[in-house]
Amino acid sequence: MAIYDVYIPKVAEYVADMRRKGRQVREFSCPSEAGKLLEGLPVRVGSGANPSILLRSDTFVELGNPEAGSSAFLLWTDNTSLIRDGRITLIGPDIPESPGVSLSFGQVLMLGGRDLSEKDHQTLEHTQFIADRIEGYMIRSVSQLIWSRVSRQVAEKGFCFETLGRALMSIFKADVPGVQAMEIVFVTTSKEDLEPLDAMGAQIRKIFNSILASDWKAKGFDIYECSFGGDCTSCPDQPVCDDIKEVVKVRKKKSSQSETAPGS
């Protein structure tokens with residue numbers, strides 16, 4: 001059990017809730033291999049594919065500017081059965097349907113790999129900010145959100161969220177060999193629809209920051225110590241702490257079973 005496993009079903013529950021509320025939800029199925037993901041794409045993907053700054057006058061659609069709202073985070077698991085490899089879920093209008101519009105933007109990346117661990121998280125975080133690697137797609141801001149632009153030129157070629165998703169999947173699978181499966185959820189409906197994702201993203205970032213700050217795994221960090229003197233009822237981080245404790249319990253149980261197994 002990886003530390004973020006409990007959040008993957010929560011993303012599925014979020015998508016189901018959007019369906020119940022009548023939001024338009026579309027799914028795209030993509031190939032698994034990094035090379036095949038790029039076959040037939042209308043844009044170039046790779047270092048230097050988008051070398052220039054994309055001005056507003058050349059922008060077909062803007063995604064996630066601060067007024068429209070943005071929410072982005074990443075999850076990974078060592079249980080690949082939790083990830084439906086190659087699935088892209090789009091909630092809301094697609095790029096070709098939104099000329100001249102500034103859309104709210106949610107992006108959830110879910111990755112699976114049997115050998116993925118906490119040491120890979122920082123690499124995965126950095127990989128999602130793809131710099132100049134997708135033609136006609138420029139990320140403007142990356143502080144806990146993704147604020148990006150799509151150019152008129154690539155929109156005319158057919159650039160859509162399936163294009164963006166396939167490009168991201170190809171980049172992750174090529175750059176991080178431990179990634180065996182990847183699934184993406186995009187949301188473009190409204191700032192209000194992003195609020196549940198904001199809450200999930202905030203908890204996930206707290207976990208990540210806790211791991212970074214304390215290096216708890218390598219140095220034996222005691223997660224049961226806290227600054228609230230054990231008063232969980234007044235602690236805003238209680239859900240995060242509960243999730244970490246659950247993961248630690250599962251790992252201790254697995255370790256104990258492994259040590260007592262015949263031949264161990």
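Predicted model: local features only at pLDDT ≥ 70, side-chain atom pairs only at ≥ 80, totals over all residues.
Residues are numbered from 1 along each chain as its sequence is written, and side-chain values use heavy atoms, without hydrogens and water.

**Entry 1: the chain as a whole**

I counted 8 helices and 9 strands in the chain. Of the 264 residues, 47% are buried; buried means under 20% relative accessible area, exposed means over 50%, and partly exposed lies in between, with a 1.4 Å probe and protein chains only. I then turned to contacts, meaning heavy atoms within 4.5 Å. Among contacts with a separation of 6 or more, 85% join residues 24 or more positions apart.

**Entry 2: the sheet**

I traced an open sheet of 5 strands in the order β1-β4-β9-β6-β3, with mixed pairing. The edge strands β1 (25-29) and β3 (70-77) each pair on one side only. Neighbouring strands are turned by 10° against each other on average, direction ignored. Two strands count as paired if DSSP finds at least two bridges between them. Strands of a sheet pair through backbone hydrogen bonds, either parallel or antiparallel.

I followed β9 on both sides. Strand β4 (residues 87-91) runs parallel to β9 (residues 181-187) and is joined to it by 4 bridges. β6 runs antiparallel to β9, and 7 bridges join the two. Val185 in β9 has Thr89 opposite it, and Val108 also stands opposite Val185.

Is β9 mostly covered or uncovered? I found it mostly covered, with 7 of its 7 residues buried. On one side these are Ala181, Glu183, Val185 and Val187, and on the other Met182, Ile184 and Phe186.

I next examined helix α5 (residues 161-175), which lies across β1, β3, β4, β6 (105-112) and β9 and runs at about 145° to β9. Axes here are lines fitted to C-alpha atoms, for helices over the stretch in contact, and angles run from 0 to 180 degrees between N-to-C directions. α5 has 15 residues, and its first and last C-alpha atoms are 21 Å apart, close to the 21 Å expected at 1.5 Å a residue. The expected span is 1.5 Å times one less than the number of residues.

Because 12 of its 15 residues are buried, α5 is largely enclosed by the rest of the structure. Among the buried ones are Phe161, Leu164, Arg166 and Lys173.

I also looked at the nonpolar core, a set of buried Ala, Val, Leu, Ile, Met, Phe, Trp, Tyr and Cys residues joined through side-chain atoms within 4.5 Å. The largest such core has 64 residues, and those that touch the most other members are Leu75, Leu111, Ile134, Tyr137, Phe159, Leu164 and Phe186. α5 gives the largest share of this core, 7 residues. Not counting residues up to four places away in sequence, Leu75 touches Tyr4, Tyr7, Ile8, Val11, Leu109, Met110, Leu111 and Ile204.

**Entry 3: helix α1**

The buried residues of α1 are Tyr7, Ile8, Val11, Tyr14, Val15 and Met18. Why do I place them on the same side of α1? They cover an arc of only 115° around the axis, so they share one side of the helix; the arc is that of the directions from the helix axis to the C-beta atoms. The face turned away from the buried side carries the exposed residues Glu13 and Arg20. After α1 comes Gly22, whose phi is positive, near 85°.

**Entry 4: two single residues**

I looked up Ser102, which is placed in strand β5 (residues 101-103). Ser102 counts as partly exposed, at 35% relative accessibility. Apart from neighbours within four places in sequence, Ser102 is in contact with Glu62, Asn65 and Ala68.

Lys157 lies in helix α4 (residues 152-157) and is partly exposed at 40% relative accessibility. Lys157 is in contact with Pro42 and Glu135, leaving aside neighbours within four places in sequence.
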